[in-house]
Amino acid sequence: MKKIFYIAAMLWAACSAVAIACTGITLKSGDGSYIVARTIEWGNSSLNSGYVVVPRGYVQDALTPDGLGGKQLVAKYGYVGLTVEQKEFVTEGINEAGLSAGLFYFPGYGEYETYDAGLRQATVTDLQLVAWMLGGFSTVDEVKEAIDGIHVVGIVPQASTAHWRIADASGRQVVLEITGGKPCFYENSLGVLTNSPGFEWQMTNLNNYVNLYPGNVNGQDRNGLSLRPFGAGAGMLGLPGDVTPPSRFVRAAFYQSTAPVLATARETVVQCFHILNNFDIPVGLEHAIGDVPAGLPSATQWTSATDITGRMIYYRSAWNMSVRCIDLKTINFGKVKFQYHPLEKTLEQPVEMIKVS
């Protein structure tokens, strides 16, 4: 327990200095499938990410800031989750009932409860809240009803906070933010989420870009001056291109809203990966010259897409851009044993050599 806590403390405290960035989008296919997708970035070192397969009935204790056991988490539903640093820290996943949940970094704007050791048996730390949701509930409403029965605290009190995207098989999606120690839920019909500031501010900020639209613009002739667009897409001139959370939120909203509806879930999953290509953060962009850490091919360490309707989760990583898929329908969550696997066994991009004869 102490070893796990120490590693987690170092990770989350480090995140306060250099932000983890996350960008989430949502698409629906012509066959009615509901897809949520996201990136996770961390430009300092490998997040040692993996995936877990969690059976029904699996029991784990939530961690607490003092290293004692918190709330006992008993999985009513089996689930698959993507993790960072420790197998306990699920940051994105889906359960067999179709509930999807993901943690997004939220520095400077969230505020959890102060940890009270006397309440530890009802305490869940931020890095395990996704596991609590996926293991215990099947709908957004169930999560909302249950949240007041637990105490959410930071695994390291001085470290930054998170907020969460929660979606269920009905197509409903909400954002959970904890401010002033109180959980606040916001309906997210747009389906986009990044980081700070808060979700309501991000939605309001979209009004600053009301002039943007897909396609091209018409030329203008004024008093002998002839003005023409340089190329296609001039209707989006002014779309912010930097990697700050407000700019990524705006860009994600416009890329998502202008994407054509594709016929099937599989096509739409691929479309999500193509859209999220635009949010890859190259190593070096977030650091001063000469401060770039070695060993990372990209600050975007993995990208995932979850077909909630089909109960499938897809991922690719900075080390292997081939898309992999786990189909929950093929897993017997009543019999399968708990499993943890690294996302990548080899940290090197495979390259297929083409033989020319």
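Buried residues make up 53% of the 357 residues in the protein, where buried means under 20% relative accessible area with a 1.4 Å probe, protein chains only. This is a predicted model, in which local features need pLDDT of at least 70, side-chain atom pairs count only at pLDDT 80 or more, and totals for chains, interfaces and linings use all residues. Residues are numbered from 1 along each chain as its sequence is written, and side-chain values use heavy atoms, with hydrogens and water left out.

Me: What makes strand 7 and strand 8 a pair?

Reply: Two strands, which are DSSP runs of E with at least two residues, numbered from the N terminus, pair if DSSP finds at least two bridges between them. Strand 7 (residues 90-95) and strand 8 (residues 100-105) have three bridges in the antiparallel sense, and Ser100 in strand 8 is the bridge partner of Ile94.

Me: Why are strand 13 and strand 19 called edge strands?

Reply: In the open sheet of eight strands, with the order 13-12-11-8-7-6-3-19 and antiparallel pairing, strand 13 (182-187) and strand 19 (339-342) each pair on one side only.

How values were computed: Helix = DSSP H or I, 4+ residues; strand = E, 2+ residues; numbered from the N terminus. Buried < 20%, exposed > 50% of the residue type's maximum accessible area, 1.4 Å probe, protein only.
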